[in-house]
Amino acid sequence: MSDAPTLIFDFDSTLVGFETLEALAELALEGAPEAGAVRGEIAALTDQAMSGVLSFDQALTRRLTLLPLTRDHVQVLAEQAVARLAPSVARNVETLRAHAERVVIVSGGFREVIAPVARHLGVPDEQVLANDLTYDDKGRVTGVDRANPLSADGGKVTGIRALGLSGTVVMIGDGWTDAEVRLAGLADRFHAFCEVVRRPRVVEAADAVAVSLDEVLHAEGLSGRWSYPRSRIKVLLLESVHPAAVAALEDAGYSVECETGALDEDALIERLKGVHVLGLRSKTGVSERVIDAADRLMAVGAFCIGTNHIDLEAASRRGIAVFNAPYSNTRSVVELAIGLVITLMRGVADRSAAMHEGRWNKSARGSRELRGKTLGIVGYGAIGSQLSVLAEALGMRVIYHDLSERLALGNARPVITLDDLLAEADVVSLHVDGRAGNHRLIGAGELARMKPGAVLINLSRGHVVDIDALAEVMRAGRLGGAAIDVFPEEPRTNQDPFDSPLRGLANVILTPHVGGSTEEAQEAIGAFAASRLLGYLNRGDTTFCVNLPNAQLSDVQGAHRLLHIHQNQPGVLAALNLALSEAGLNILGQHLKTDGRTGYVITDVDRDYQAGALDVLKTVPGTLRFRALY
Ligand SMILES: NC(=O)c1ccc[n+]([C@@H]2O[C@H](COP(=O)([O-])OP(=O)(O)OC[C@H]3O[C@@H](n4cnc5c(N)ncnc54)[C@H](O)[C@@H]3O)[C@@H](O)[C@H]2O)c1
Ligand SMILES: O=C(O)[C@H](O)COP(=O)(O)O
């Protein structure tokens, strides 16, 4: 520990995510009519002091004068302080505790607010340099103890100098007074800490810029909670992935960038440079070319059910894990399917359109109840089987056809062939997956086999129905109606035009791929897919991964975790363990999961090994990807 650096932390906007005086202003001015204006003045004074354009002493005095502060306000903030640590500090508490004897907190803020945080981190009292508030006999704040050097300009420099620190000293903070410690020669390095606030003048004066504590710990050779600073792991989310996902990934410390629309192949290749994790929905294709061009990609999150637009084989070959959200929008699709059955069987869409054009057409002709009618479900997976339950509850008879053996729910009845289903159903609803073999599963021949007047619904994938053939059948009036939500070619963004031979046809409902687009579903997908990605990034957990062997893993405890993805070929595990043993690593636990093409070995090892010992694992024949977590 003796050659470890001393870390000097600023408090406000560094260890915690707030500025003390601004937070106290919130408490002291609650409900006051002038609150907004006073808070604004305080924030401006803080900023001027932290950027070095106003002296610290002046800023402190003027801010205290503006506030009717009491001991109670200070105590309330003190009680909140530990819960308001900056995110990267909160996740590195253990590391800071382990290093606490070489941690100093220096702040122009107040000891009463800092003390609980210092205690939480195990930092001894004598290593906390801060101002002491003074009170009158009614508990009102009168100012700060002027005998304390921290109350004056240059107070941090004076306080740190008085400590007489030896060895390497590292200053970490967001303000100009922190930069001054380095400029006074009292620190060997200054990290401008920008997780909470970024001040250009401070950044310019810094030796390094850190958007998280992970970065600082990594740069200073102190093991943080993770092997690689999370903020350097770039996540790119396309197609307006729900903010819940953005928040979850950012809260965990990763750097997230978002785009609203989908990207074409060339644009995606360009945009993926340096990206570790890609998130998308159904519109962005991830081809083999994209996978091969990606220089850092380790995981793809499909924030939807379908993964047919991602080359899973190519991803497996590169050891890139692909996740989806298989159940989060199931119910939304089913509800829309039910709505479409009723809407088609009553001709609601055309009647509504006529009314909007000023035409009144009251008639029962062609309108039918769904009670007692036969619903034919093609693809009895998650959506198909859920639809079966709801349709029966509405009085429909349900038959289904699936390539695999599926449990019949309620009174639903399996039929062996698609043709049998088409011949019997009044409503045909398609819920097959997007595999290539389902291309034009419903073409002219299948449409001809449907009962005259029956209706067709496609909420699965656009390539499943031959759209030209369907348009012809609808024009000929052979079918009663059709509702199509998915198309062979779909616009990438809401600004792009849409065209289809189905436009303008009677009792044909066209929806812009919104089967799963409900607020509930999108939020659930955002949370679920982000949790899968985080499980993989943080623990190596591959539960619900669609292209690599699934391994459910707990957090790494007291060990380093080595994740090795390889081609499933004989001898890899033996070679890996030989390499581990030759590198002097002590295995604490090991799992091997394989599927037809890939193997995944998770090895927890004792933390006591030589730096560089792990490099040899990348050379084990068959290795596709290797990473270490600690
Ligand atoms: N419109 C939307 O917004 C939307 C939303 C969610 C899902 N989807 C799509 O809905 C479809 C179904 O989703 P899911 O979650 O139920 O999938 P799933 O994988 O649970 O079920 C698909 C079922 O189809 C069966 N199947 C595949 N090909 C078949 C064929 N040719 N004949 C008969 N059965 C076949 C499979 O065996 C499986 O049981 C997928 O294509 C998915 O991408 C669309
Ligand atoms: O696969 C899915 O879940 C659906 O097709 C929904 O896709 P979307 O996220 O692009 O709406």
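Visitor: Which residue in E11 does Leu236 stand opposite?

Guide: This is a predicted model, in which local features need pLDDT of at least 70 and side-chain atom pairs count only at pLDDT 80 or more, while totals for chains, interfaces and linings use all residues. Residues are numbered from 1 along each chain as its sequence is written, chains are lettered from A, and ligands are numbered from 1 in the order in which they are written. Strand E9 (residues 234-237) and strand E11 (residues 277-280) pair in the parallel sense over three bridges, where pairing needs at least two bridges found by DSSP and elements are DSSP runs numbered from the N terminus (helices H or I, at least four residues; strands E, at least two). The residue in E11 that stands opposite Leu236 is Leu278.

Visitor: Which strands stand at the edges of the sheet?

Guide: Five strands with parallel pairing form an open sheet, in the order E10-E9-E11-E12-E13. Each edge strand has a single partner, so one side of it is left without a neighbour in the sheet, and this holds for strand E10 (255-258) and strand E13 (321-323).

Visitor: What angle does the direction of helix H13 make with that of E10?

Guide: Helix H13 (residues 243-251) packs on the sheet and touches E9, E10 and E11, contact meaning that C-beta atoms, placed from the backbone, lie within 7 Å. Axes are lines fitted to C-alpha atoms, for helices over the stretch in contact, and angles run from 0 to 180 degrees between N-to-C directions. For H13 and E10 the angle is about 155°.

Visitor: Which strand does helix H23 run at about 165° to?

Guide: Helix H23 (residues 519-539) lies across E11, strand E12 (299-302) and E13. The strand to which H23 runs at about 165° is E12.

Visitor: Which element gives the most residues to the shell around ligand 1?

Guide: There are 32 residues around ligand 1, and Gly306, Gly379, Gly381, Ile383 and Gly515 come nearest, a residue being near if its C-beta atom, placed from the backbone, lies within 6 Å. Helix H17 (330-345) and helix H19 (382-393) are the elements that give two or more residues to this shell. The most, three residues, comes from H19.

Visitor: How many residues does domain 4 give to its contact with domain 2?

Guide: The domain assignment, which is automatic or from a database, includes domain 2 (233-329 + 518-547) and domain 4 (549-629). Their C-alpha centres lie 24 Å apart. The contact takes nine residues from domain 2, while the number from domain 4 is 17.

Definitions and conventions
Contact = placed C-beta atoms within 7 Å.
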